[in-house]
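Hello,

Here is the structure I promised to pass on to you. Please have it open while you read, as my notes follow below.

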Amino acid sequence: MPVERIEGVQLGKTPEEVEEEVRRGVLLTTLDKAVGWARKQSMWPATFGLACCAIEMMSTGAGQYDLSRWGMELFRGSPRQADLMIVAGRVSQKMAPVLRRIYDQMPEPKWVISMGVCASAGGMFTNYAIVQGVDTIVPVDVYVPGCPPKPEMLMHGILTLQQKVRTQGTFK
Amino acid sequence: MSVAIELGDLAERIHARCPDTLVARGEVTAIVDRDDLLDTLAWFRDELDLGFLSSVTATDRPDGDPRYWVVYELRSIQGHHRARVKVGLPDADARIPSVTPMFPTADWHERETFDFYGIEFEGHPDLTRILLPDDWEGHPLRKTEALGGVNTRYHGAFIPPVDTRTTT
Amino acid sequence: MQDIPTDRLPRDASGQIRQETMIINMGPQHPSTHGVLRLLLELDGETVVTCKPIVGYLHTGIEKNTEYRTWAQGITYVTRADYLSPFFNELGYCLAVERLLGIEAPPRAQVLRVMFNELNRISSHLVWLATGGLELGAVSIMLYGFREREVVLDIFEEVTGLRMNHNYIRIGGVIMDVNEEGERKIRRFLQEMPKRIDDYETILNDNPIWRERNMGVGVLSAADALAFGVTGPMLRSAGVAADLRKDAPYSGYETYNFDVPVRQEADAFARYLIRLAEMRESMKIVAQCLDRLEEPGPVMVEDPKVAWPAKLKVMDDGIGNDPEYLRHIMEESMESLIHHFKLVTQGIEVPEGEVYQAVESPRGELGFYVVSDGGHRPYRVKIRDPSFANLQATPTMVEGSLVADAIAAIASLDPVMGGVDR
């Protein structure tokens, strides 16, 4: 949208820059980006804490490493109300169908963070009892390594996911 | 008032009852037959105040005979002393009477031992798998079973090793 | 609202209105059950008729895995069993292996072990308070509990390098001495923490809601507890003064001055009071440990066949290998290099035998039954976890009470599913 240059007013920028700035200031963005921005703003995680990583996830939600900064302190008990599943901990063979069922119960759009090496790749437990990576059961968006990952690592994973959500296209 | 029994005294009294007793590293172990198990545990509970069953577990020695050793750890709450009772079971006949009627705590311990080793506890109220999925085949802690891991087969699914899996 | 005409309700053969119980599944994914515990509840209205706990959703195969790794690697597996009390797992395992080897850790290492165990007891009880409060609806307690826990985890990170699952206690001692910054942090913690526990007592002790929900709830008599193999605060809340630190002391506990709180009411409120008191006692022990640490000494046993060869040091960028030691093995002495290599890759050799070592973890008797066949790998490691036995008492505690009381009862039990399922 062309900008009308008013004589006598010095803006200190070239007309093209001004135009660009106006375009960015007014909400004339694509619907994709608007939706992406809104989605990342307060993703609600579903409680899926399993083992040691769950305690670090609770620490991330508690006072010191506050997940409330991103509107995520509200861990929903019901997967129907959640859009993010943080698989925190080792997934045993007995728990795998439960994991899949909880994932299926979540409405679209949904994302999965695989927290810790046990969820990402089986961790140190390469044995009969542990699923060697939850990406064999659910599609994972972000893998956060660590045993357990420090809260800052989990936050970095969440921010990476938010970056991904903000920039991914939703209407194809 | 303490019912504490010193190690030496404990070893002597147990040895008088169970001839196959050994003392090592400050512990007394009595090896009994499975037919004497319930009587022995009752005697331990009544005479030596060893009325608290800490754990029931098993060890697998596939090259030995007996193959399975079921191990009972007993503790005296008032007297602070401990003892161990071991029962050897042959491979072909891995059955043993359950001590659950005497010690209710053995309920889950025996289920776990059954789950891991396949040892049958006769008289157990509900001998089903406890830690592994109900439809799991095999008894994983036997030495003849593999550690499993990336080539585990469960419900027909085959999980390839991590470094051959690509998601991109 | 219209009344339902009672003549339309289904009736059974004798004319009574038919009532059925409802079978409800709680968990394994549930915000209020402690971890992945599944409860099969048969309800008559709001009252629990039968309760069946189903476990195994976190079975990790730790015991089988230890049979395929060296003795020192076993520590890393065992520490993740009961993940809220990693130091206790490590201590139990290392004490068992040391008894098989016939060695004893040096005195300074034992003091460090006791100190970190008691700090771990405090952090574990804080998680219990936080999650127990959260499950009963006291959300602020969750934030306070985790706030205090952050201080303790900071201490752990300063000394061991990790917040959880530390792999700090090794066979023959501990891996590193505590540094000055760590000692300073512990002293500051000991100054601050008593006031926080006073805060918790101010908030909760006379709180009518907390008292209503916890008093008379989850009652487990001493006879029932002993029959079910229950130990720890659950047993001590029923009047039985059983604490392995006093009954069968290990690591020098007989030389420390502390009390073991015991109560008679055997309900959830009694367990709450006991755990708060235990936190205070633990701080007393930590203060005594700090005094004993004034004297320097080795932290790993001298025997070269057993001692972990690497020397770690806190440097500018964190904990790493001691440059002096590296220079020694890389440049000066070939034998040291070979020795280091063999001990780290092949592992130590432990003589044949079996041993059962129990420690008093925050949840009760944590026992390790370790069998060796004389090799470089364990033959059998069985972890006798306190929560595994404690959970068996759930039906007795819960049947006949309301569903909400069931949650309060299980919260007072403080089960950690990592230990139950291993």
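Let me begin with a pairing in chain A: Pro45(A) stands opposite Leu84(A), a residue of strand 2 of chain A. Before going on, please note that this is a predicted model, in which local features need pLDDT of at least 70 and side-chain atom pairs count only at pLDDT 80 or more, while totals for chains, interfaces and linings use all residues. Residues are numbered from 1 along each chain as its sequence is written, and chains are lettered from A and ligands numbered from 1 in the order in which they are written.

Back to the strands (helices, H or I with at least four residues, and strands, E with at least two, are DSSP runs numbered from the N terminus). Strand 1 (residues 45-46) of chain A runs parallel to strand 2 of chain A, and two bridges join them; strands pair if DSSP finds at least two bridges between them. On to strand 3 (residues 111-115) of chain A: five bridges join it to strand 2 of chain A, again in parallel, with Leu84(A) opposite Trp111(A).

The crossovers are worth a look. Strand 1, helix 3 (residues 52-61) and strand 2 of chain A make a left-handed β-α-β unit, whereas strand 2, helix 4 (residues 96-105) and strand 3 of chain A make a right-handed one. Right-handed here says that, with the strands pointing away from the viewer, the path from the first strand over the helix to the second runs clockwise.

How many residues of strand 2 (residues 84-88) of chain A are buried? Five of its five, where buried stands for 20 or more other C-beta atoms within 10 Å of a residue's own, exposed for 12 or fewer and partly exposed for in between, with C-beta atoms placed from the backbone. Leu84(A), Ile86(A) and Ala88(A) point one way, and Met85(A) and Val87(A) the other.

Now to chain C. Glu67(C) sits in the loop between helix 1 (62-66) and helix 2 (71-78) of chain C. Glu67(C) counts as partly exposed because it has 17 C-beta neighbours inside 10 Å. Leaving out residues up to four places away in sequence, Glu67(C) touches Arg377(C), Pro378(C), Tyr379(C) and Arg380(C); contact requires C-beta atoms, placed from the backbone, within 7 Å. The C-alpha atoms of Glu67(C) and Arg380(C) are separated by 6.2 Å, although the two residues are 313 residues apart along the chain.

Best wishes

How values were computed
Contact = placed C-beta atoms within 7 Å.
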